[in-house]
Amino acid sequence: MGWEVVFPEDFINLLKASVGPAEKVLEALGEAPSVSIRLNPSKLRECPFPDAQPVPWSPFGYLLKERPVFTLDPLFHAGCYYVQDTSAMFVGHVFRQLLPLMEPGATVLDLCAAPGGKSTDLAASLRERWGNAFTLLANEVMRNRFGVLRSNLDTWGDPRTGCVSRDPSAFGDSPLFDAIVADVPCSGEGMFRKDAQAVAEWSLQTVEFCAARSRRILRDIWPTLKPGGFLVYSTCTFNHFENDDTVEWIASELGADILPPQDFPPAVTTRCGQVLLPGLVPGEGQYVAALRKHGEASGVRQADVFRLFQAQCPSAPESDAQKVEVDRETALRYLHGDAVVLPENAPLGPVTLCFQGQPLGPGKNLGKRCNNLYPKAKRIKMDIR
């Protein structure tokens, strides 16, 4: 970790009361974090890293033996995979359990979406099951985080996924969504080994504040979930105030049935959901529960939520741009924003530069050189040599 960890006594006591095996968790929180990726099945089906181990709860997740320099991998910039903690992938696992209970054409809201890991997981799961017959709206209320979300979704490139930045109260009270995934802001206990500041700022008052904020968020968004619709509630924390207690509050105050979790070791089953614990899994801490809103599902015509909320969607490549394959060195120079020269047989005019068949971005080939049109905000900042 690079720092000495001193956990508050209140945290240790609350951890024991909430999840039980506190000793293993505390020991694991002092170790280095693991590294994992999740493939974009629309672009890549085989893990590009040797000796990677499949993640049991994610069909496209892989645990890596060591951390490569992702910035220097053109496939990363092409959106062929997303770097995501294995425990965070468990939200997608619970969501996939609900898909057989939904119908093609479902409209899904990822409520607290930045930086986009869960959104891209949901998009891949929906596309694998229904092709284009779905709509996914990813929302992030914090404007400074919304730009990261938008960039990651653009790189992932699913045309049925759009993003907006709205407070939950601004979504109105029309039942628009068949499912909502709410990975709510929390006290972050499950991320302690990645964030020393989170340990320093933890207190029982912070836990109480986060639990109250989560309930406000859920109360505001609840009218937009259709009767019979599903809520996947998750946090990256351990305590029962933000987890089981809040799920029970949703069920009693907002009106929902808590869906019993399916036994899936090594996840620890709690009163209302499941929690992944460092020390029992290689990743960080993650809590997930699923609920179904009271009422009968109806065949209400789907609203165009992209148009309704003026969602920003992935930018499509120029339709008249021909693809040009480049080697790794040229790809990295292009991603760095440098001038590049394309192969002699490359067509003149608008082109899309590709690496291993995967589009990287646009250029304009003039013959002796190619104008680099890769977005400045996305360019590699580090030395590529």
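Helices (H or I, at least four residues) and strands (E, at least two) are DSSP runs here, numbered from the N terminus. H11 itself covers residues 328–336, and its buried members are Thr330, Ala331, Leu332, Tyr334 and Leu335. Buried means under 20% relative accessible area, exposed means over 50%, and partly exposed lies in between, with a 1.4 Å probe and protein chains only. After H11 comes glycine 337, whose phi is positive, near 95°.

Before we go on, a word on the model. This is a predicted model, in which local features need pLDDT of at least 70 and side-chain atom pairs count only at pLDDT 80 or more, while totals for chains, interfaces and linings use all residues. Residues are numbered from 1 along each chain as its sequence is written, and side-chain values use heavy atoms, with hydrogens and water left out.

Now step back to the whole chain. The protein has 11 helices and 17 strands. Its C-alpha trace spans about 70 × 55 × 35 Å along the principal axes. For 385 residues, a compact globule would have a radius of gyration near 21 Å, and the 22 Å of the protein agrees with that; the radius is taken over C-alpha atoms, and the globule rule is 2.2 Å times the number of residues to the power 0.38. Buried residues make up 53% of the 385. Contact means heavy atoms within 4.5 Å. Among contacts between residues at least 6 apart in sequence, 75% join residues at least 24 apart.

Threonine 135 lies in strand E6 (residues 134–139). Why does threonine 135 count as buried? Its relative accessible area is 12%, and the cut-off for buried is under 20%. Not counting residues up to four places away in sequence, threonine 135 touches Ala106, Thr107, Val108, Arg160, Val305 and Phe306. Threonine 269, in strand E11 (residues 268–269), is partly exposed, with a relative accessible area of 44%. Leaving aside neighbours within four places in sequence, threonine 269 is in contact with Pro261, Asp263 and Gln274. The C-alpha atoms of threonine 269 and valine 305 are 36 residues apart along the chain and separated by 35 Å.

The loops hold some backbone details to check in your viewer. A cis peptide bond joins alanine 114 and proline 115, with omega about 5°; proline 115 sits in the loop between strand E5 (106–110) and helix H5 (117–130). The bond from proline 265 to proline 266 is also cis, with omega near 10°, and proline 266 lies in the loop between strand E10 (256–259) and E11. Glutamine 310 has a positive phi, near 50°, in a residue other than glycine. This glutamine 310 is in the loop between helix H10 (305–308) and strand E14 (322–325), and at 68% relative accessibility it counts as exposed. Glutamine 356, which is not a glycine either, has a positive phi of about 50°. Glutamine 356 counts as exposed, at 53% relative accessibility.

What about the cysteines? The structure holds zero disulfides, a disulfide being a pair of cysteine sulfur atoms within 2.5 Å. For cysteine 47, the nearest cysteine sulfur is that of cysteine 80, 12 Å away. For cysteine 313, the nearest is that of cysteine 163, at 7.4 Å. Cysteine 313 is partly exposed, with a relative accessible area of 37%.

Finally, look inside. The structure holds one cavity of 30 Å³ or more, and the largest cavity has a volume of about 40 Å³. On a 1 Å grid over the protein atoms alone, a cavity is a set of points where a 1.4 Å probe fits but cannot get out, and lining residues have an atom within 4 Å of a point. Grid points are joined across faces, edges and corners, and the volume is the space filled by probe spheres set on the points. The lining consists of Ser18, Val19, Phe238, Asn239, His240, Asn243, Asp244, Thr270, Val275 and Tyr287.

Methods:
1 Å grid on protein atoms, 1.4 Å probe; cavity = no way out; pocket = protein on both sides within 12 Å on 5 of 7 lines; lining within 4 Å.
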